Every structure is written in C-alpha cells, then in structure tokens.
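Work through the exercises below with the sequence and the model at hand. Try each task before reading its solution.

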Amino acid sequence: MAYIEPSEFVTKMVDAGEQKVYMSTKDTIIRAFMAGAILGLAAIFAITVATKTGSPLLGAVLFPVGFIMLYLMKFDLLTGVFTLVPLALLDKRPGVTPAQVLRNWGLVFIGNFGGALTTAFMMSFILTYGYSTDGGELAAKVSAIGESRTLGYQSHGAGGWFTIFIRGMLCNWMVSMGVVGAMISTSAGAKMAAMWMPVMLFFFMGFEHSIVNMFLFPFSMIMGGDFTFMDYLIWNEIPTVLGNLAGGLLLVGLPLYLTHVKTSASRKLA
C-alpha cells in the first residue's frame with residue numbers, strides 16, 4: 001500500500017488536468033456520459049436503501065460505490081475537472097488556454113447530463129412499468145426531494161440561492177478530496193478507502209452535487225415533482241455548478257498546488 005508524497009501526487013493532478021485538455025471530443029463525451037449514468041444509478045441506489053431501511057446513514061455509507069466505480073474506470077465528472085484542469089492552465093502547460101479549459105468543462109457537462117438523464121428515464125420506466133403506475137413510495141420520496149431542493153430554496157430568495165451555492169462548495173470540497181485521495185497510493189484498496197470517506201460525508205450532509213442533481217431533478221419531475229425545469233436550473237443546478245467550481249478549485253486544487261508545486265523557499269533562521 002505505497003504512499004505517495006503530496007509533492008508527487010499534486011504534480012500528478014496537474015498532469016491529469018493537462019491530459020484531459022488534450023483528450024479527444026469523442027473520448028471526453030463518452031467518459032463523461034458513463035460517469036453521469038453511473039453516479040445517477042448510485043444516487044437512486046442510496047435513496048432506495050435509505051427509504052427501505054429508514055436509515056439515511058446507511059444510504060450515505062453505500063453511495064460511494066458509484067463514485068469508486070467511475071473513478072477506477074477513468075470516467076470524468078464535472079466536479080473533478082473543475083479541480084484538475086485549471087491547474088494545467090496555472091502551470092502554463094503548452095496548449096492549455098482558458099478556451100481549452102472551457103471546452104473541456106462544456107463537453108464534460110454535456111456528457112454528464114446525457115448520462116444522468118438516460119439513467120433517470122431508465123429508472124422511471126422500470127419503477128412505473130412503462131409509466132403505467134405511479135412508482136410507489138420511492139417515486140413519492142424523490143418527488144418530495146426535488147420540490148424541497150428547488151421551491152424550498154426559492155422561498156428564501158437570495159438567501160436560498162446562496163445556501164445552494166455554499167452547499168455546492170462544501171460538496172466539491174469533499175468530492176475533490178476523494179479524487180485527490182485516490183492519488184495518494186498505487187493500491188486499489190487504498191484508493192477506494194481514500195475516496196469513500198469524503199464522498200460519504202458529502203452525501204449524508206445533503207450537500208449539492210451538480211451531477212447527482214442532473215439525475216435527481218429530471219427523475220423527480222418524471223415522477224410527478226411539482227416544479228418546472230426552469231425552477232431546477234435557477235434554484236438548483238446553476239448555483240450548484242458555480243459552488244462546485246468554487247469549492248473544488250479554491251478549497252482543494254489551488255491550496256495543494258500553491259503549497260506543494262509552487263512551494264516557497266524555506267526560512268533562514270539566525
């Protein structure tokens with residue numbers, strides 16, 4: 001279970017960011033699509049466990065299996081590229097420009113949304129036997145979640161919007177710690193353990209993850225949630241995406257880069 005020093009794995013973070021910029025459009029979209037689909041499935045799995053057992057903690061404990069699967073397959077989440085790709089720009093890697101960073105983010109967003117939406121339709125279909133029944137207890141639960149995390153925030157106005165933003169920051173602080181944690185070892189078991197802990201924390205605390213929400217809110221609408229697509233965009237997805245960007249970059253990527261790559265000279269004592 002080899003441990004890699006921060007000075008080494010932060011360089012790997014910059015390398016990973018550069019690699020994602022140079023990745024082809026086809027590969028970027030496929031990897032993002034699969035990541036969104038798997039994370040959506042993990043989300044409904046955790047909600048199902050919590051609903052059937054009455055234990056939200058158990059659902060949170062099991063949710064990271066989806067994150068681990070997609071990471072080990074080298075699939076990409078928007079939350080991860082928010083943290084890694086800007087580091088290649090800061091490090092002035094050849095060819096990495098602001099336009100190329102935005103290209104990567106845009107393609108990953110499209111792929112994640114496509115994958116999450118596909119899983120939402122698949123799960124809604126099987127829960128309702130082809131939309132011939134109401135979906136039962138699970139559908140009601142998800143509908144309630146969708147309403148409370150759009151209209152519930154809206155009822156608080158600007159305070160509600162910034163609450164989502166901060167929850168998005170806290171979410172990607174933890175999720176990006178999982179991404180980074182997986183780089184501290186070459187052992188698959190150690191990678192899984194390092195990812196598990198922060199991802200479990202974010203899910204149990206109800207922080208806002210843009211890709212989970214790409215699944216959860218369309219699924220909630222299909223299941224009868226009483227809110228509109230614009231409610232979802234304005235009162236959840238947009239502030240969540242911005243919060244995820246701020247949290248991943250400002251609370252994980254930049255601090256690690258500035259202290260382990262751009263390390264200042266040691267002090268000289270008399």
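Contact means heavy atoms within 4.5 Å. Helices (H or I, at least four residues) and strands (E, at least two) are DSSP runs, numbered from the N terminus. This is a predicted model, in which local features need pLDDT of at least 70, side-chain atom pairs count only at pLDDT 80 or more, and totals for chains, interfaces and linings use all residues. Residues are numbered from 1 along each chain as its sequence is written, and side-chain values use heavy atoms, with hydrogens and water left out.

**Exercise 1.** State which residues of helix 2 and helix 4 meet, and how the two helices are oriented.

Solution.
- Step 1: A35, I38, L39, A42 and F45 of helix 2 meet V65, G66, F67, M69 and L70 of helix 4.
- Step 2: These contact residues divide into 9 nonpolar, 1 polar and no charged. Ala, Val, Leu, Ile, Met, Phe, Trp, Tyr, Cys and Pro count as nonpolar, Asp, Glu, Lys and Arg as charged, and the others, Gly among them, as polar.
- Step 3: The axes of helix 2 (residues 25-53) and helix 4 (residues 64-72) come within 8 Å and cross at roughly 165 degrees. Axes are lines fitted to C-alpha atoms, for helices over the stretch in contact, and angles run from 0 to 180 degrees between N-to-C directions.
- Step 4: Helix 2 is therefore roughly antiparallel to helix 4 (the term covers angles over 145 degrees).

**Exercise 2.** Find the angle between helix 7 and helix 11, then the residues that meet.

Solution.
- Step 1: The axes of helix 7 (residues 136-148) and helix 11 cross at roughly 115 degrees and come within 8 Å.
- Step 2: The two helices are therefore roughly perpendicular to each other (65 to 115 degrees).
- Step 3: V142, S143, I145 and G146 of helix 7 meet L216, F217, F219 and S220 of helix 11.
- Step 4: By class, the residues of this contact are 5 nonpolar, 3 polar and no charged.

**Exercise 3.** Describe how helix 11 packs on helix 12.

Solution.
- Step 1: The axes of helix 11 (residues 210-222) and helix 12 (residues 229-260) come within 10 Å, crossing at roughly 170 degrees.
- Step 2: Helix 11 is therefore roughly antiparallel to helix 12.
- Step 3: Helix 11 contributes S210, N213, M214, F217 and M221 to the contact, and helix 12 contributes F229, Y232, N236, E237, T240, V241 and N244.
- Step 4: The contact residues divide into 6 nonpolar, 5 polar and 1 charged.

Note on methods: Parallel < 35°, antiparallel > 145°, perpendicular 65-115°, else oblique.
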